Amino acid sequence: MNEGQNTMDIREPYTAKEGLHDGFPTAEANDDRDEHDLAVFGKRQQLKHISVFIFGFSNGGPAGLVYGFIVCWIGTIGLNCSLAEMASAVPLAGGQYSMVSEYAPPGASRYLSYITGWLTCLGWQSATASSAYLGGTMIQGLIVLNNPTYVPQRWQSTLLFYAIILVSLFFNTFLVAFLPKIEGLILVIHVGGFFGVLIPLVCTAPHGSASEVFGQFENGGGWSTQGLSFFVGIVTGVYSFLGQFYLIGLDLAVISKLTS
């Protein structure tokens with residue numbers, strides 16, 4: 001910062017090595033870095049930088065994650081049953097917006113189905129971006145895990161995000177004829193990887209007591225009540241069940257093709 005000026009030099013890098021824990025930036029270090037970047041432009045930080053998984057740990061804690069997952073599972077089952085009933089009555093490839101057009105009041109059906117269709121499309125786009133961003137940060141986390149001297153940068157996460165999007169675009173554009181075999185291979189890798197991660201964690205990782213897992217609630221967000229904190233952190237459980245609603249139109253299109 002130059003003398004007599006009230007703004008920071010944007011060229012000055014910000015490093016928070018003291019905010020690293022086992023090679024990973026702590027939540028405090030991320031917040032400090034975000035606060036510094038906003039201060040460069042004369043802004044004050046209003047929101048915290050928290051990933052969707054850490055969100056449930058800080059708002060609800062271990063017990064909140066367990067019971068929140070069960071609540072989300074029950075709600076998802078009920079929602080899927082309702083959608084399945086409507087899909088059987090309106091078997092059109094449009095999915096939700098066709099259902100809304102059929103069941104909404106006649107005077108508002110076109111408008112509501114239009115809004116539903118665009119919300120569904122935005123949901124597809126958001127899910128794709130979210131999955132690519134999560135994959136990019138997981139790759140960066142693996143680099144941190146295997147290279148203790150590596151200091152992760154946000155621009156690198158962005159490039160990894162773009163790389164995953166481009167790979168997905170390439171597969172869905174030029175290798176579409178091979179997608180069934182590729183997806184079958186990915187399914188095998190996914191199932192094998194699940195046990196490849198689960199077994200070492202069960203056998204070698206430190207285990208908490210049953211009282212900690214099922215009875216320890218956290219209110220790291222400083223909410224007025226523990227119940228409110230639980231419902232704020234339930235977004236982690238909701239994230240685990242995203243995606244199945246987008247398959248309705250695809251399923252109906254496939255069924256229609258097979259029965260035609």
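**Entry 1: secondary structure.** I counted 11 helices and 2 strands in the chain. The model I worked from is a predicted one. Reading from the N terminus, I found the order of elements to be β-β-α-α-α-α-α-α-α-α-α-α-α.

**Entry 2: burial and surface.** I looked up the burial of the chain: of its 260 residues, 21% count as buried. For the accessible surface I noted about 18300 Å², with 68% of this area belonging to carbon and sulfur atoms. I then turned to contacts between residues at least 6 apart in sequence; 64% of these join residues at least 24 apart.

**Entry 3: helices α4 and α5.** How do helix α4 and helix α5 pack? I recorded an angle of about 165 degrees between α4 (residues 96–103) and α5 (residues 109–146), with the axes 8 Å apart. The cut-off for roughly antiparallel is an angle over 145 degrees, and α4 and α5 are therefore roughly antiparallel to each other. I noted their crossing as right-handed. On the α4 side, the contact is made by Gln96, Tyr97, Val100 and Ser101. From α5, I listed Ser109, Leu112, Ser113, Thr116, Gly117 and Thr120.

**Entry 4: aromatic pairs.** I describe a pair of aromatic rings by the distance of the centres and the angle of the planes. The count for this model comes to 7 aromatic pairs. One of them joins tyrosine 67 and phenylalanine 217, with ring centres 6.1 Å apart and planes at 25 degrees.

I next asked where the two residues lie in the chain. Tyrosine 67 belongs to helix α3 (residues 61–89), whereas phenylalanine 217 is in the loop between α8 (210–215) and α9 (226–233). The pair therefore ties together parts that are 150 residues apart in sequence. I found tyrosine 67 partly exposed, at a relative accessible area of 33%. Phenylalanine 217 also counts as partly exposed, with 36% relative accessibility.

**Entry 5: phenylalanine 230 and phenylalanine 231.** Is this pair stacked or edge-to-face? I noted ring centres 5.2 Å apart and planes at 80 degrees. The angle is over 60 degrees, so the pair is edge-to-face. I then checked the accessibility of each partner. Phenylalanine 230 is buried at 13% relative accessibility, whereas phenylalanine 231 is exposed, with a relative accessible area of 56%.

**Entry 6: an aromatic cluster.** Which residues do ring pairs link into a cluster? I identified Phe170, Phe171 and Phe174.

Key:
Residues are numbered from 1 along each chain as its sequence is written. This is a predicted model: local features need pLDDT of at least 70, side-chain atom pairs count only at pLDDT 80 or more; totals for chains, interfaces and linings use all residues. Side-chain values use heavy atoms; hydrogens and water are left out. Rings of Phe, Tyr and Trp (its six-membered ring) pair if their centres lie within 6.5 Å; planes under 30 degrees apart count as stacked, over 60 as edge-to-face and the rest as tilted. Helices (H or I, at least four residues) and strands (E, at least two) are DSSP runs, numbered from the N terminus. Buried means under 20% relative accessible area, exposed over 50%, partly exposed in between (1.4 Å probe, protein chains only). Contact means heavy atoms within 4.5 Å. Accessible areas come from the Shrake-Rupley method with a 1.4 Å probe; for residues, only the protein chains shown count as cover. Axes are lines fitted to C-alpha atoms, for helices over the stretch in contact, and angles run from 0 to 180 degrees between N-to-C directions. Angles under 35 degrees count as roughly parallel, over 145 as roughly antiparallel, 65 to 115 as roughly perpendicular and the rest as oblique. A crossing is left-handed if the near helix is turned anticlockwise from the far one by less than a right angle, and right-handed if clockwise.
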